[in-house]
Amino acid sequence: MGNSLIKISVIYFLIGITLGLYMSIGHDYVLTGVHVHINLLGWVSLAIAGIFYKLFPHLAQTATAKVHFWLHNIGLPVMMISLAFVVTGTGGVFTTLLSIGGVVTVLAIYFFAFNILSNLNKTS
């Protein structure tokens, strides 16, 4: 699981950096929030989680880790795509999807934190 999270985080890094370049070239910074969240919640957070799971393989074996993995990788794209539509004025259903994606992503992070706090000192 650690390798998968690190690889996924690199994809988010590429997306976030490309979006930043696009905004810079066009001098249009409407998507700044999307750019920042992709880099923080996608690149940084998933890379750190992947490193934790590589350093402490027993953490990756828990059901909590699997829930974290799936919730994070479902919630974040829903949240980011919805945020892009909301900030560009489309709104509507995307406002609701933004909230749902945000809640799912936050739940994922809570599962990650619970896993670390409950299982870090345990051995495999």
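Predicted model: local features only at pLDDT ≥ 70, side-chain atom pairs only at ≥ 80, totals over all residues.
View 1. Going along the sequence, you get the pattern α-α-α-α-α. The C-alpha trace spans about 50 × 30 × 15 Å along its principal axes. The protein has 124 residues, and 37% of them count as buried. Take the contacts between residues at least 6 apart in sequence: 74% of these join residues at least 24 apart.

**View 2. Helix α2 runs over residues 32–55 and has a bend at Ser-45.** The bend comes to about 25 degrees. What about its length? With 24 residues at 1.5 Å a residue, α2 should span 34 Å, and its end C-alpha atoms sit 33 Å apart, so the two agree.

**View 3. The buried residues of α2 pack against α1, α3, α4 and α5.** Among them are Val-34, His-35, Ile-38, Asn-39 and Leu-41. Further along α2, the buried set also includes Leu-46, Ala-47, Ala-49, Gly-50 and Tyr-53. Their partners cover residues 2–26 (α1), 57–60 (α3), 63–87 (α4) and 93–119 (α5).

**View 4. Here α2 meets α4.** The two axes come within 10 Å and cross at roughly 170 degrees. An angle over 145 degrees counts as roughly antiparallel, so that is how α2 lies relative to α4. On the α2 side, the contact includes Val-34, Ile-38, Leu-41, Ser-45 and Tyr-53; on the α4 side, look for His-68, His-72, Leu-76, Met-79 and Leu-83, among others. By class, this contact has 12 nonpolar, seven polar and no charged residues.

Notes:
Residues numbered from 1 in each chain as written. Heavy atoms only, no water. Helix = DSSP H or I, 4+ residues; strand = E, 2+ residues; numbered from the N terminus. Expected span 1.5 Å × (residues − 1). Bend = angle between axes of the 7 residues up to and from the residue. Buried < 20%, exposed > 50% of the residue type's maximum accessible area, 1.4 Å probe, protein only. Contact = heavy atoms within 4.5 Å. Axes fitted to C-alpha atoms, helices over the stretch in contact; angles between N-to-C directions. Parallel < 35°, antiparallel > 145°, perpendicular 65-115°, else oblique. Nonpolar A, V, L, I, M, F, W, Y, C, P; charged D, E, K, R; others polar.
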